[in-house]
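Here's a quick briefing for anyone meeting this structure for the first time. Have a look at the sequence and the 3D view, then read on.

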Amino acid sequence: MNGVFRLTFRYLAYNRLKTVTLILCVSLALLLPVLLQFGVSQFEQDLLSRARSTPLIAGAKGSRFDLALQSMYFNQADRESTNMLEVEAIEETGYALPIPLVLRFTAQGAPVVGTTLDYFEFRKLVMAKGSNLKRLGDCVIGANLAENLQLSPGDQLMSDPLNVFDLSGTYPLKMRVVGVLEKSGSADDDAVFVDVHTEWIISGIGHGHQKINAATNKDLVLKQEGSTTIANAAVPQFNEVTEENITSFHFHGDTETFPVSSIIVIPFDKKSEVLLLGMYDSDTSVLQLIRPIEIVNELMEMVFRVKQLFDMNTFLVSVSVGLLLCLVFLLSLRLRKRERQTMFQLGCSRSTIWKLQLTEILFIVLASLIIVLVLTLVCRIYAYQIIKFLFI
Amino acid sequence: MIQIQQLQFSYPKSQFRLHIPDLKISESEKLAVIGPSGCGKTTLLNLISSILIPDQGTLISCGINLKTLDDSQRRAYRISKIGFVFQEFELIDYLNVRENIMLPYYINGTLQLDKAVDERTRELTKSMQIDQYLNSRIDQISQGERQRVAICRALLPQPQILLADEPTGNLDPVNKQLIRDLLIEHATQTKATLIMVTHDDSLLDQFERTIDIACFHEVVETA
Amino acid sequence: MHRIYFIVALFSMTMLYACQQKPQEGTRLAEEKQSPVIVVVNYPLEFIVKSLVGPDVKVLNPVPPGSDPETWFPNDEIIQTIQEADLIVTNGANFADWVKKLSLPRSKVLKTSIFLKEDLITVPDYEVHSHGSGGAHSHAGTVAFFWLDPALLARQADAIGKKLIQLLPREKESITENLKNLKDSLEPLNLKLDQLRSKYPGLHWFSQRPVYQYLTRRADWTVHHLHWKKNTKPNESTWETMKTIQELHKVPFMIWEQKPDKKLLNEFQQRGVSSFVLNPLTAKPARGDYLTEMRLQLNQLEAFLKSGSSTQESSETK
């Protein structure tokens, strides 16, 4: 058998272009369905596990898909927001713990998620380094983000302006990184978590600025009418919350009116869940309350329908690649007729001659399988970089 | 060594027929086979090497009646007794010189590839003056050298019968002589029977006997 | 089309997460606390909680003595203690600056103002400023000093009691009993306020800032804020405002959170306004507790009003 392998490898090495072409052909024909199957099953598994661990989501009426996916994956969907009053309303029912999510801004391209400390407990997120959010201006970052941006507790992270051309818009906030989360293998790994109040400061609903004194800051004060001070736009706003200036930060208006993108609702029991769903299942309700698992199941149905098309395509491609391979091998057999004849004359058995041919096929298939396996593993390990390179 | 009596052979759907009433080739004999193209020179070699089976008659080689052998026995006979040299050398281009010489050992499980084989390869190639090309590719050596490689391959398993089918057909006059001499020399050294098919009358002088195969060739008129 | 694009994007995202190695289970230490810790943001809440729970429960008012609970801000160490508490009882209505500026677990925060919703008093904007592109904006809100009306304090106690029973179900009986006792002990205060209402109806008061609304509403009085900042002197515009209000209403009294200096007192006196100091009890009183201090202050108020009205009557007769 040693001789057969030697001859096979020598032949394949000598005809390396043909060998590589064949291996690539087979690899590509195998890679697509394998990656697709791997991807879809991971997609399904992750989507379902995230959806299963998110009992209910409340948000302004509109696309249920957008609401579910935004709340689970923090993508920047163009959705109507609700407000803190609705969060309070859910809390007041006594049926569930509402966790507000405010998702409007990004920092270095990563979504800034305004929430409360309950979110970390709910998702069982554990700090790898540093501490949890403490005060305004603090942020806790996901493991991937920390790795990519080389950030650790004590560093600072600037929020991105909403629109770079909007010079009069909200100013970026320099956030204090207080903690880095352990890897969770979810969207949380790539997010920046801040307190809802910090997100509102980024939004410009709250801000901090130096105290305006009509007597000493004459250049800043336009008008003083009784207790009303009207200052000009030169009043410097703080772009960072520090121990020294934190007291100057304040919010305008009633907290209850402040925007909330969506609310993760954790019912205390099954009965509470049903009651809540019933409560929001009306035309008059301003909110919609959804079960993410139902949305994900609907999405998966769509994905599987698309996958069926891919599977059909894969089948046809596989058949054509198979036929092509047959043709190549038949031609090769014909070309090597004299070689076989010589071997036969030298005493080689017909079975050994066939073994030689089959070993070649086996080697090509095996090499293709290894390539597919390696590529799948590489995709698995470097998926983040690949997808980032391709999509971001 | 080889004894042929009333041997008849024909190819299916062909007018060709070979009839050898009686032919004896003794051990270590150096025999040249001549005859016009298509008269059955190669067929004779294939019969002696048991690739073809006679339709009738007796063919005894090395004391074995080849007609009575089954496929695996014929193969075993070929491996152990026969060495083949072809007109077109039939070297394998994806193997180097050494591997081409050792080819019978790679493709036959019954032949043991050991250090002795390696040593013999070196000796053979040295005697053929191609030892410097052992690791070279076939397309890197000349026609004459290729044929010497083919001779080495045929000689390596130490056959009792060396069959050479027009081994000089593709060579220049100098190389023709050289190859013939090498074949005779090595056959003499190993006491092997050499049967060489040739068209070239100038090469016959070194052979002990020459037979014209045309005497045995018949063309059967079909109705 | 949009949805398909979305699925593709989502697929990429989930693949991204799926393709990463799953982490090891967190090594979160679920430390069993020896005794539950309840954090409160001001003295009245501390008084309520302490009245309801036994000594096994640690009630923590993180504001150090001498600090103003409205503006005090905790350091990182205290923040952690607060975050790790079993219950954080807040007042709501923007009382205590740190409540808004700290990250707190919502599940552990009891905002007592939620239970008083329909009775909350919102004051008009008292400071407006504008700069930048945002236009004029105001810093206003709900008056936070509910406890100055004992009836509202009782309702805060109800809400706290309910939450405490959830937190300490074994203590249900004692909490219920303590709650009843607390409410009973508040009755004399309610009675006193009712008496004041019937004796001195429709009074107008000045105050520096919105603090006494719940108390004055209970007594059916009106309070006008002069809106000058803490630790500063009233300026010309303050006096102007005061004059304007006095022209509209007869406002004979000024209610202070702490005793003003003599000069200021005289200035008010010269403008025909008598001063009365009523400690809003945001911090623990030097002596006694909420009940004794409120009782004392209401008695003093009654005496003040009695003397004030007789003076007015006598001046009118002269």
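Let's start with one pair of residues in chain B: Ile2(B) has Ile25(B), in β2(B), as its bridge partner. Keep in mind that this is a predicted model.

**Strands in chain B**
- β1(B) and β2(B), the latter covering residues 16–25, run antiparallel to each other and share eight bridges.
- Five residues sit between the strands in this hairpin, and Lys13(B) there has a positive phi near 55°.
- β1(B), which spans residues 2–10, also pairs with β4(B) (residues 56–61), again in the antiparallel sense, over five bridges.
- If you'd like a pair to find in the view, go for Gln5(B), whose bridge partner in β4(B) is Thr58(B).

**Chain A overall**
- Chain A has 11 helices and 16 strands.
- It's 392 residues in total, and 36% of them count as buried.
- Take the contacts in chain A between residues at least 6 apart in sequence: 75% of these link residues at least 24 apart.

**Where the two chains touch**
- On one side are 16 residues of chain A, in contact with 17 residues of chain B.
- Which helix gives the most to chain A's side? That's α1(A), with six residues.
- α1 (2–14) and α10 (337–345) of chain A each bring at least two residues to that side.
- Sorted by class, chain A's side holds six nonpolar, six polar and four charged residues.

Note on methods:
Residues numbered from 1 in each chain as written. Chains lettered and ligands numbered in written order. Predicted model: local features only at pLDDT ≥ 70, side-chain atom pairs only at ≥ 80, totals over all residues. Helix = DSSP H or I, 4+ residues; strand = E, 2+ residues; numbered from the N terminus. Buried ≥ 20, exposed ≤ 12 C-beta atoms within 10 Å, placed from the backbone. Contact = placed C-beta atoms within 7 Å. Nonpolar A, V, L, I, M, F, W, Y, C, P; charged D, E, K, R; others polar. Pairing = 2+ DSSP bridges.
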